[in-house]
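Visitor: Could you walk me through this structure, one question at a time?
Guide: Gladly, have a look at it here.

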Amino acid sequence: MEEHRPSTVVLNDRFPLSVIILTRDEEVNIADCLASVAWADDAIVVDSGSKDRTLELARQARADVRIFSHPFQDFGDQRNWALDHAAPRHPWVLFLDADERCTPACAEAIRRAVSQPEGKVGFYLTCRNFFLGRWIKRCTLYPSWQLRLLKLGCVRYRKEGHGQREVTDGPLGYIRQPYDHFGFSKGVSDWIARHNAYSTNEVELIEQLRREPLRLGDLFKEPIQRRRCLKRLAARTGFRSVLRFLYLYCLRAGFLDGAPGLMFCLLRAAHEMHITVKLAEKRACGQSRGTQTLSSCGPVSHSTSGVSQ
């Protein structure tokens, strides 16, 4: 449902690009996010039920912002809905999340790519992740690529784990100037709560990856294919939390990111442990349905203990 639609006049000092920002309770982020794309002609917010001042502050930050509402199912569904129903005014679309900022260098690279796409239908972007006031470059696997800039009608998304995967037959390019991502802008508690939900979705993804052939030759191909192959390998590996920490902190030199790097690696290791436990719980639940034994998948109604594990 659209709440506000401005005129379609392109201002002289704005670039013909539609920017779609996904939001939910992003009052601490939305103004800065919109400010970072003030150079783009068409700004669209697709909100999934904010209860704070997100929409009010969006209108204050940019009078011509167009606001739509759609319940959130997953990132792939939300992006596809925005492409189908938010009526982007321009043939090229940039997706941002509210806790992301398009830097001037990234903006200039986007303008060049859109002006001369050379037959490409989309571009992968990368970001700098910030934690405790510092760019933690190494332990966040920089550069890590996501398809965020696309030509309308040429790319779709589908759910994969907690995120999404692009679906297109067209040629794709890379924009190497990063945007900035402030994933902890609402605090560590919010990050932990979100990643608790993400870990539930990752269980489904791991089961899917375990069914796919390894295709080890992909390790020597483009970054996206290489990353996918590493995911297939990781899905088949035990001791995921320990290996994740060693990979990020030692092999990828996260120790060079200082104390924020160490703490981030520990958070990522904890996230992997949550996934491992949820996988074990799912297996136990499946077994208990067959044997009708007690397991963690159902409440134990006779317990009177007030101690929580």
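This is a predicted model: local features need pLDDT of at least 70, side-chain atom pairs count only at pLDDT 80 or more; totals for chains, interfaces and linings use all residues.

Guide: Residues are numbered from 1 along each chain as its sequence is written, and side-chain values use heavy atoms, with hydrogens and water left out.

Visitor: How many aromatic pairs are there?
Guide: Rings of Phe, Tyr and Trp (its six-membered ring) pair if their centres lie within 6.5 Å; planes under 30 degrees apart count as stacked, over 60 as edge-to-face and the rest as tilted. By this rule, the count of aromatic pairs is 16.

Visitor: Is the pair of F15 and W39 stacked, edge-to-face or tilted, and why?
Guide: The ring centres of F15 and W39 are 6.5 Å apart. Their planes stand at 55°, so the pair is tilted.

Visitor: How many residues apart in sequence are the parts that F15 and W39 tie together?
Guide: Helices (H or I, at least four residues) and strands (E, at least two) are DSSP runs, numbered from the N terminus. F15 belongs to strand β2 (residues 15–23), while W39 is in the loop between α1 (30–36) and β3 (40–47). The pair therefore ties together parts whose separation in sequence is 24 residues.

Visitor: Does W39 count as buried or exposed?
Guide: Buried means under 20% relative accessible area, exposed over 50%, and partly exposed in between (1.4 Å probe, protein chains only). F15, at 15% relative accessibility, counts as buried. W39 has 14% relative accessibility, so W39 counts as buried.

Visitor: Which residues does the charged end of R79 sit over?
Guide: A charge sits over a ring if NZ of Lys or CZ of Arg is within 6 Å of the ring centre and within 35 degrees of the ring normal. For R79, one ring centre is 5.1 Å away, that of F95. At 6.0 Å from the charged end of R79 is the ring centre of Y157.

Visitor: Why is β2 largely enclosed by the rest of the structure, and how many of its residues are buried?
Guide: The strand β2 has 9 residues. It is largely enclosed because the number of them that are buried is 8.

Visitor: Over how many bridges do β2 and β3 pair?
Guide: Two strands pair if DSSP finds at least two bridges between them. S18 stands opposite D42 in β3. The strands β2 and β3 run in the parallel sense, and their bridges number 7.

Visitor: How many bridges join β2 to strand β5?
Guide: Strand β5 (residues 92–97) runs parallel to β2, and L22 stands opposite D97 in β5. The number of bridges joining β2 to β5 is 5.

Visitor: Which side chain does a polar contact of 2.6 Å join to that of H90?
Guide: H90 is in the loop between α3 (75–85) and β5, and is buried at 10% relative accessible area. A polar contact is a pair of N or O atoms within 3.5 Å; within protein, one must be able to donate a hydrogen and the other to accept it, and residues adjacent in sequence count only if both atoms are side-chain atoms. At 2.6 Å, the partner of the H90 side chain is that of D41.
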